[in-house]
Protein chains: 2
Amino acid sequence: MADNKKMVEAITSMDVDFAQWYTDVVKKAELCDYASVKGCMVIKPAGYALWENIQKKLDARFKACGVQNVYMPIFIPESLLQKEKDHVEGFAPEVAWVTHGGMEPLQERMCVRPTSETLFCDFYAKDIHSYRDLPRVYNQWCSVVRWEKTTRPFLRSREFLWQEGHTAHATAEEAQERTIQMLNVYADFCEEVLAIPVIRGQKTDKEKFAGAEATYTIEALMHDGKALQSGTSHNFGDGFAKAFEIQYTDKDNTLKYVHQTSWGMSTRIIGALIMVHGDDSGLVLPPRIAPVQIMIVPVQQKKEGVLDAAFGLRDRLIKAGFSVKVDDTDKSPGWKFADCEMRGIPLRVEIGPKDLEKNQAVLVRRDTHEKSFISLDNLEEEIGKLLETIQSDMFARAKAHLEAHTSQAVTWDAFVDTINTKPGFVKAMWCGCQECEDKIKEETGATSRCMPFKQETLADTCVCCGKPAKKMVYWGRAY
Amino acid sequence: MADNKKMVEAITSMDVDFAQWYTDVVKKAELCDYASVKGCMVIKPAGYALWENIQKKLDARFKACGVQNVYMPIFIPESLLQKEKDHVEGFAPEVAWVTHGGMEPLQERMCVRPTSETLFCDFYAKDIHSYRDLPRVYNQWCSVVRWEKTTRPFLRSREFLWQEGHTAHATAEEAQERTIQMLNVYADFCEEVLAIPVIRGQKTDKEKFAGAEATYTIEALMHDGKALQSGTSHNFGDGFAKAFEIQYTDKDNTLKYVHQTSWGMSTRIIGALIMVHGDDSGLVLPPRIAPVQIMIVPVQQKKEGVLDAAFGLRDRLIKAGFSVKVDDTDKSPGWKFADCEMRGIPLRVEIGPKDLEKNQAVLVRRDTHEKSFISLDNLEEEIGKLLETIQSDMFARAKAHLEAHTSQAVTWDAFVDTINTKPGFVKAMWCGCQECEDKIKEETGATSRCMPFKQETLADTCVCCGKPAKKMVYWGRAY
C-alpha cells in the first residue's frame with residue numbers, strides 16, 4: 001500500500017479534461033501539494049528546484065542590467081497602504097490583516113504585503129536626496145499574500161513567491177526605458193530559457209496595475225488555448241512620488257519628483273511551463289531550466305558492470321557540466337521510464353548489458369519520445385547538441401502552437417464565433433473605450449490581453465462598436 | 001548638503017561605546033536601515049549581498065549532504081500551533097496574528113510563522129507512509145516574525161531572514177546523527193568562510209528550543225566579549241511525531257513514529273561578522289564572503305592612461321575569478337580609501353601615474369592596513385595568495401581573541417569577579433540544576449552558553465552551589 005502511492009499511475013488526458021490533467025501533473029510530478037492553510041501551497045522539492053533555477057537565471061539577467069537586491073519588511077501599516085488612492089483601492093479588498101502582536105492588540109493594523117510599492121516609496125522618500133542618488137534599481141525576492149477566493153496550484157494562491165523590482169529615476173524618459181527594458185528581460189528569459197514564446201504589449205487602462213500610468217505585459221498561450229499573463233512591468237510616472245513626496249535636488253538646484261517603475265514575475269510561471277510544454281505522459285521541461293537534465297536508467301542493473309557503467313557515465317556527464325542522476329532503485333525499467341516522463345526530464349539514457357557489449361547507450365528524448373543510439377566514446381558533445389536541439393524544438397513547437405491559435409476578426413459576429421469555436425488569441429481592432437472591453441468580456445468571456453507593440457491595421461473600425469479604431473488588441477480567455 | 005550624507009564621517013570608537021560603534025557601522029557601511037514598520041529592517045544592497053553570499057555558500061554545503069529545498073506556507077492556523085504543548089508555550093507570546101482576510105474576519109486566526117515545525121509536521125503526517133519515504137531532509141529559506149519588544153539591526157528584529165531545516169528519520173540514532181551533522185555544517189561554515197571561531201556544544205534544558213529533546217549550538221565571541229548564539233540544531237526525538245501522528249510502516253510491517261530534527265541560521269550571523277571582525281575604521285569582511293573582494297582606486301585618475309589601466313586591471317582580476325570594482329567617482333583618493341575601509345572591502349589596489357611608470361600597483365590590506373607593492377606582471381596569483389592570507393589571519397586573530405577572552409573559575413567569588421571584570425566566556429563546573437543557572441543569571445547577568453563537546457574537569461563541585469558537578473559549562477553575557 002505504501003508503495004502504491006509511488007507508482008506511476010495514468011493521468012487524465014489533456015484533451016478529456018485539461019484542468020484535471022493539470023492537477024494530476026502537479027501532483028504526480030510532485031511539484032506541489034495543498035497545505036492545511038486554505039489556499040496556500042506546499043512547494044515540494046521538484047517544484048522548488050524549478051523555482052531555484054528560475055531565480056538563478058533571472059537574477060543573473062537582472063544583475064547584468066544593474067539591478068541590486070534588497071529586502072523590505074513583510075508588513076505594511078494601514079496608513080502607508082492608503083497613501084496612493086488607486087493603489088489602496090486595488091489591493092485593500094484582498095489583503096490579510098495583522099491586528100495583534102503577541103498578546104496585545106496593535107495600535108495600527110498592518111497587512112502582509114500584497115506587493116511592496118508603498119514600502120519602497122516610504123524608503124525612497126527618506127533615502128533619496130540628490131540627483132547623485134539616482135537611479136535606484138532595487139529588487140527583492142520574497143513571498144506575497146493576496147486573499148483570493150478561488151485558488152489553483154501555482155496559478156492563483158493566497159501566498160506566492162515572486163520578485164518585485166522597484167526603481168526611481170530622475171526623468172520620465174529614463175523610467176519608461178527601464179519599464180520596457182525589464183519587460184524585454186522577462187520576454188527574452190521566457191523565450192530563451194523556458195522555451196515559451198510571448199506576445200509583448202501594453203495593457204489597456206482597465207487591465208493596468210492599481211496606481212500605474214502604464215502597464216506592459218508578456219502574454220503566453222497555454223496548450224488549451226487560454227492566455228496566461230506571465231510577467232508585467234509598470235511605469236508609475238510621478239504618481240507615487242507625489243503621494244509619498246519622493247523628491248531630489250537636481251543639478252540646477254531645484255526640487256523634482258522622481259519617476260518610478262515596478263516589475264514582477266512569480267511562481268505562476270511554473271504553471272505556464274506545465275501548460276505550454278506538458279503532454280499526456282506528464283511534465284516536459286526545457287533542458288535550460290530542468291533541475292535534472294539527464295536521467296540514466298540502468299537496464300538489468302544486477303548484471304555485472306551495468307551499475308558501474310551507469311555511475312561512470314553519470315560522472316562523465318556531470319564533469320561535462322550537465323545535471324545528471326542515475327535511477328538505481330529496485331523498480332522495473334518500465335516504471336523508471338514512466339517516472340522520468342512524468343517528471344519531465346529532458347533526456348533519458350538507458351544502458352544495459354547488450355549496450356555495453358556494443359559500447360553504446362540508448363537516448364530517449366522526452367519531448368518527442370524519439371529513440372537513438374550513441375557510442376560511449378565522446379558522447380558528451382553529442383548529448384550537449386541534443387539538449388540544445390530539444391530546447392529549440394520545444395520553442396519552435398510552442399511558437400507554432402501560438403501562431404496556429406492566433407486568429408483575427410473584423411466583424412462582431414466573426415469575433416464572437418472565433419472566441420467560441422477556436423481556442424486561442426483573437427486579434428481585433430478596438431476603439432479604446434472601456435464600454436467595448438466590458439461588453440466583450442460579458443458576452444464572450446474574453447479579456448483584452450494586450451495592445452501588442454507590433455501593431456497591425458486589420459480594419460478601420462472597432463470590432464465591437466464600429467466606431468473608429470485606435471488599437472489592435474489581442475483578446476482571449478485567460479487564467 | 002546632498003553630498004554631506006555621502007561623506008565618510010568618523011564613527012564612534014568601539015572602546016568608547018561598542019553599541020554605538022555597531023549602530024554607526026551598520027548605518028555608514030549601508031548594510032541596513034530602520035523601516036517605518038516598527039522593529040523591522042530594510043536590508044540595503046550591501047547587507048543583502050552579504051546575505052546572498054551566505055545563502056549561496058551555506059546552501060551548497062546543505063546540498064552536498066543531501067538537503068532538499070522546499071517552501072511551506074507563511075501562516076500557521078492557531079489550532080496547528082497548539083498541537084505541541086511546549087512549542088506553543090514558547091512561541092505564542094511573540095507571534096503576529098492575522099485575523100482578517102480582505103474585508104472578512106477569519107473563522108480561525110493564523111499567526112505569521114515564527115518558525116515552521118508545526119507546518120512541516122502537518123505536511124509530513126500526510127506525506128510520510130513507509131520506511132521508503134524516509135529520511136526526509138527538507139530546508140526552506142524564508143523570513144519569520146517574532147514580536148520582540150526591543151530590537152537591534154540584524155541581532156534582534158521583528159522580522160528576520162533565515163533558513164530552517166526540518167528532517168524526519170526512521171530511527172533515533174539517525175536523527176541524532178543528522179542533528180550533529182548540521183551543527184558541524186554551521187560550525188565549519190562559520191570558521192572556514194566567515195573566519196569566526198565557534199564553541200560547539202549542547203544547550204542546557206533551560207536554554208533549549210521549545211519542544212526539543214536536545215538543542216545544540218555554536219557560540220561565537222564578539223569583540224566586546226559578549227557571546228552570540230550563531231546557529232542551532234535541535235533533536236526532537238518523537239515528541240512532535242506523537243503530537244502530529246507522523247507514523248510510518250517499517251520493514252517489519254509495524255507502525256512507528258518518526259524521529260525529527262530542525263536547524264537554523266539567520267541574518268543574525270551578519271551581526272556576528274560585524275562584531276567579530278570590525279574595527280574603528282568600519283566593517284572588515286573576510287575575502288571568502290565579501291561581495292566585493294577588491295576595490296581598485298585610481299590615483300590622479302584624470303592623467304592619461306590611469307583609468308584605462310584601472311579598468312584593464314579590473315578585467316584581468318575578474319577573469320581570474322575575483323569580485324572587483326573600480327571607484328572612478330569624482331571623489332578624492334583619500335575619501336575613496338576611507339569609504340573602502342568603512343565597507344570592509346578586504347583588499348584595496350591603488351594605481352596612479354607613478355605606479356604605471358614603475359609597472360606596479362599598491363596593495364593595502366583592510367585587516368592590517370598593511371601596504372605593499374606588486375608588479376603588474378602576473379599579479380593574479382599573488383593577489384589570490386594575499387586574499388587567502390587575509391582570510392586565515394582574520395580567523396587566527398579572532399581565535400586568539402576568543403582564547404584570550406576565555407577564563408575559568410572554580411569558586412563562586414572568582415566566578416563573579418571574572419564575569420564582572422573580564423569580558424568573555426568563563427568556563428565553570430555546574431551541578432545540572434536550574435536553580436544554579438537562575439542564580440548565576442540573576443547575580444551576574446551571565447547565561448549558560450553551552451556545555452561544550454570538549455569537556456574538561458576543572459573541579460569536582462558546582463561553581464554555584466558546591467554540590468557534585470556534572471558538566472563544564474561556558475558562561476557569558478550574550479546578545
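**Figure 1. The annotated domain of chain A in the predicted model.** The end C-alpha atoms of residues 45-286 of chain A lie 18 Å apart, and this span is 33% helix and 32% strand. Helices (H or I, at least four residues) and strands (E, at least two) are DSSP runs, numbered from the N terminus. An unreviewed UniProt entry annotates residues 45-286 of chain A as "domain: Aminoacyl-transfer RNA synthetases class-II family profile". UniProt positions are given in the numbering used here, feature names are shortened, and annotations may be inferred rather than shown by experiment. Residues are numbered from 1 along each chain as its sequence is written, while chains are lettered from A and ligands numbered from 1 in the order in which they are written. This is a predicted model, in which local features need pLDDT of at least 70, side-chain atom pairs count only at pLDDT 80 or more, and totals for chains, interfaces and linings use all residues; side-chain values use heavy atoms, with hydrogens and water left out.

**Figure 2. An open sheet with strands from chains A and B.** The 6 strands follow the order E4(A)-E6(A)-E5(A)-E5(B)-E6(B)-E4(B), with antiparallel pairing. Strand E4 (75-77) of chain A and strand E4 (75-77) of chain B stand at the edges, each with a single partner strand, so one side of each has no neighbour in the sheet. Two strands pair if DSSP finds at least two bridges between them. E4(B) is joined to the antiparallel strand E6 (residues 104-112) of chain B by 3 bridges. Within this pair, Pro77(B) stands opposite Met110(B) in E6(B).

**Figure 3. The rotation axis relating the two chains.** Copies are superposed by least squares on the C-alpha atoms of residues with pLDDT of at least 70 in both. Of the residues of chain A, Val98(A) comes closest to the rotation axis, at 2.1 Å (C-alpha).

**Figure 4. The interface of chain A and chain B.** Contact (heavy atoms within 4.5 Å) links 61 residues of chain A with 61 residues of chain B. The area buried between the chains is about 5100 Å², of which carbon and sulfur atoms give 60%. Buried area is the accessible area (1.4 Å probe) that two parts lose on being put together, summed over both. In chain A, Pro45(A), Tyr71(A) and Arg132(A) lose the most area to chain B, together 12% of what that side buries.

**Figure 5. A salt bridge between Lys44(B) and Asp127(A).** The closest N and O atoms of Lys44(B) and Asp127(A) are 3.7 Å apart. A salt bridge is a side-chain nitrogen of Lys or Arg within 4 Å of a carboxyl oxygen of Asp or Glu. Across the interface of chain A and chain B, the rule finds 6 salt bridges.
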